[in-house]
Amino acid sequence: MAASSETKGEGTLRKAFGGVLGFFILLLIGALAFSIRLFSVIKYESVIHEFDPYFNYRVTQFLTKNGIYDFWNWFDDRTWYPLGRVIGGTVYPGLTLTAGSIWWLLNNLNIPLSVETVCVFTAPIFSANASWATYLLTKEVKGTGAGLTAAALLAMVPSYISRSVAGSYDNEAVAIFALIFTFYLYTKTLNTGSLFYATLNALSYFYMVCSWGGYTFIINLIPMHVLLCIVTGRYSPRLYIAYAPLVVLGTLLASLVPVVGFNAVMTSEHFASFLVFIIIHVVALVYYIKGILSPKMFKVAVTLVVTIGIAVCCAVLAILIALVASSPTKGWSGRSLSLLDPTYASKYIPIIASVSEHQPPTWPSYFMDINVLAFLVPAGIVACFLPLSDASSFMVLYITTSVYFSGVMVRLMLVLAPAACIMSGIALSEAFDVFTRSIKLQLPKLFESPPGSGDIDSAQDEVVKVDNKAATDKSETAPKERPSKKNRKKEKEIVETTIKRPLKAKRLLVLPLEASAVAILLLIILGAFYVVHCVWAAAEAYSAPSIVLTSHSHDGLHVFDDFREAYAWLRHNTDVDDKVASWWDYGYQTTAMANRTVIVDNNTWNNTHIATVGTAMSSTEKPAWEIFNSLDVKYVLVVFGGLVGYPSDDINKFLWMVRIGGGVFPHIREPDYLRDGQYRIDAQATPTMLNCLMYKLSYYRFVETDGKGFDRVRRTEIGKKHFKLTHFEEVFTTHHWMVRIYKLKPPKNRIRGKSKKSKSNSKTSPSNLKRHGNLKKNPWQ
Amino acid sequence: MTKSNASDAQALIRSLRSAYAATPTNLKIIDLYVVFAIATAIIQVGYMGIVGSFPFNSFLSGVLSCVGTAVLAVCLRIQVNKENKEFKDLPPERAFADFVLCNLVLHLVIMNFLG
């Protein structure tokens, strides 16, 4: 009795010790997740990155300055001139509200941080939260060990780092946390059947809806899982409790978010959940009746109900299909459609296809973004099937769907990353489990009887042989796995663990000591490889803020700070109400950093407006001037990388301007800008290309830099070197010529070509006008 | 064929009734509550069909309030049902507290959404 209580006490002590250790490990993982994302601050500075974060930053500034009510009612007249934009109703407010409340809290605690600082560090903080959420989710699926491993993997997975480095103040930063946490609460509800967690789940879903448009992934994945459970005969009351309240509460909460609103019940993205909601009620009723009736009576009931039920179902389905078919896009939004049909966007919506993060990924990007996890995932899937619980079937479904979606859009690699981390966490932890157990079981024997207890060893060897044979068999019968060496090895290891499971009840199987020691060593090396890659990715690949560029050359480090230089120039040298036209990529930055009104920005809600700017950029000077003048534009901003070799400049994006412009104004035709299907700007370029506004604004006076006009991005000499501008004048060009700002010349009182100011006019404009006569009818004239 | 069907249906209804009679009273009360909520929802849908769905958020919140109430009550019923072995460890008081909390959240949202 005393002995038993003693061992029990020891057990609880060990458990408590394990709990404390686990807590500290989690704390360290959080610290790791936070600090690995600080490379950008250390290497560059504490600054907001890229494009969208600038908009979010501006919204947060507005929120902290004017309060929540003004925020909801904010009509922004500084973008989309002359249309404006209702920010409060068109923005996912989750991120902004989160950062705003963090700032408010800190300020009330007398910690005076600037809004910008809070915004910069929101993403790292939430990635720490995300890794804890991963721990919780994996713990629900496969236990603490797998949870800790998965959390550690997620803390530094490059795919997630790319979206959540300090300064990357974007929706995804908080949304991934919300996504994982919602999944955690769902599995928790599924495992416990507690209504309390169901409520929390709905609230967490609400946060996700607030944060990111990707919430439709949740509201489709969970019904899919419920359907899977029902079809495979795994329906349980817990499933009902996990799902039904989520649909009702989640729908209501989602429609509270202004940007979603009635879409939560009107669009096809959400219909799947309602359909499954009906199905689960039918199934629940069937199970209930089955429970209270005798089997014979139940059979009678089934035959009765089936005849009536089929008719009713058909009617309901017909109504639903009619409803859906009556809407023009079948109720699906463009982005969702391009998910289901990967070729949809490139066919119909150039504006979606033009964004590089909406393109399908390349194979190397998988290796870059999830690295060794790609090889561990299949092993994790196998481990999830042994034994298959509700939670682990959910994980399997999650990884399968997210692999598909990541194959459609690079951006959705982000959704795959947590799933891959969890799967690999499970795989690694199971493998370690087996190896350490076999070492632990064999070490004492080794010390006790060094001469060798032959019979036990041989018996074990035999079993191991059987194991290996089965393993090789299995890996041969699974040819769909990638034939990578590492992969196969991992596969074998995991299959060994899988085979061990069912046998474990009979006899605790162990691998040979040497084999397991070597395997552990290999796994550790694999992990080390992963860590090295992640740190490299965080430090080198994903930390660049993209508004400050650096380059290493033989004479040291160069810093290109041209963007901020240009925006500062605009802020200080132009009138507050001046309108600045640029391609939409730079809209957010111009409003946020230069505080000037822009025509189009990164919120690409009005295709026609963007097409107008694209048309202007693709036209010759005079029509372009007319378009811009009709929009009250004072300044035109172009980004030009030819001097320093900055590849993502406007000339490289120009074909998209032509396509988008041509999609609305048919007089702009893409073939006019291509010579034999090739996009070129050298002497062989088409005259349309060489005379369009974008070409002229980019290469104006460019020949003065080196005398030849050699473009270092396109690696060629430009086609037309000496030309003058007739309707625009250069007002500012940054240090490295990366941003060039032009002013529209005022309309003239006298006959064109005789003006004193533009002495060059007389030479170029007649030819210009002549050519212009050949052009097709332009609606802007 | 129809005759046998009819007799089957009668037998079925009889056995259903006898089986249902055995359920405890508290579950029957919950059932009544669920039926009432669903009936209210159906009335609202019917009203919408006649009058039109103009203040759509009012209609939505009305119907979803009823549906939500019914769903939550069904959850409560599942949890307090003694025959469900899975919820043996869950005391009915806890189940009821969860139910109240969930209802509170639901109706706070509804009030917010009512417009």
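Which residue of β11(A) is the bridge partner of A:Val638? In this predicted model, that partner is A:Arg740.

**Strand β11 of chain A**

- Strand β7 of chain A, residues 633-639, pairs with β11(A) in the antiparallel sense over 5 bridges.
- The bridge between A:Val638 and A:Arg740 links a residue to its partner in β11(A).
- Strand β10 of chain A, residues 728-733, also pairs with β11(A) in the antiparallel sense, over 5 bridges.
- In β11(A), A:Lys743 is the residue that stands opposite A:Glu729.
- The hairpin formed by β10(A) and β11(A) has 5 residues between its strands, and A:Trp737 in this hairpin takes a positive phi near 65 degrees.
- In a regular strand, side chains alternate between the two faces of the sheet.

**Loop residue A:Val257**

- A:Val257 is located in the loop of chain A that lies between α12 (237-256) and α13 (263-266).
- The relative accessible area of A:Val257 is 2%, so the residue counts as buried, the cut-off being under 20%.
- Leaving aside residues up to four places away in sequence, A:Val257 touches A:Pro93, A:Phe206, A:Val209 and A:Cys210.
- A separation of 166 residues in sequence lies between A:Val257 and A:Val91, whereas their C-alpha atoms are 9.4 Å apart in space.

**Contact between chain B and chain A**

- Chain B contributes 36 residues to the contact, and chain A contributes 34 residues.
- Between chain B and chain A, 3 residue pairs are in polar contact, with both residues at pLDDT 80 or more.
- Three helices of chain B, α1 (2-21), α3 (56-80) and α4 (92-114), each supply at least two residues of the side that touches chain A.
- The most is given by α3(B), with 13 residues on the side of chain B that touches chain A.
- By residue class, the side of chain B that touches chain A comprises 24 nonpolar, 7 polar and 5 charged residues.

Conventions: Residues are numbered from 1 along each chain as its sequence is written. Chains are lettered from A and ligands numbered from 1 in the order in which they are written. This is a predicted model: local features need pLDDT of at least 70, side-chain atom pairs count only at pLDDT 80 or more; totals for chains, interfaces and linings use all residues. Side-chain values use heavy atoms; hydrogens and water are left out. Contact means heavy atoms within 4.5 Å. A polar contact is a pair of N or O atoms within 3.5 Å; within protein, one must be able to donate a hydrogen and the other to accept it, and residues adjacent in sequence count only if both atoms are side-chain atoms. Helices (H or I, at least four residues) and strands (E, at least two) are DSSP runs, numbered from the N terminus. Ala, Val, Leu, Ile, Met, Phe, Trp, Tyr, Cys and Pro count as nonpolar, Asp, Glu, Lys and Arg as charged, and the others, Gly among them, as polar. Two strands pair if DSSP finds at least two bridges between them. Buried means under 20% relative accessible area, exposed over 50%, partly exposed in between (1.4 Å probe, protein chains only).
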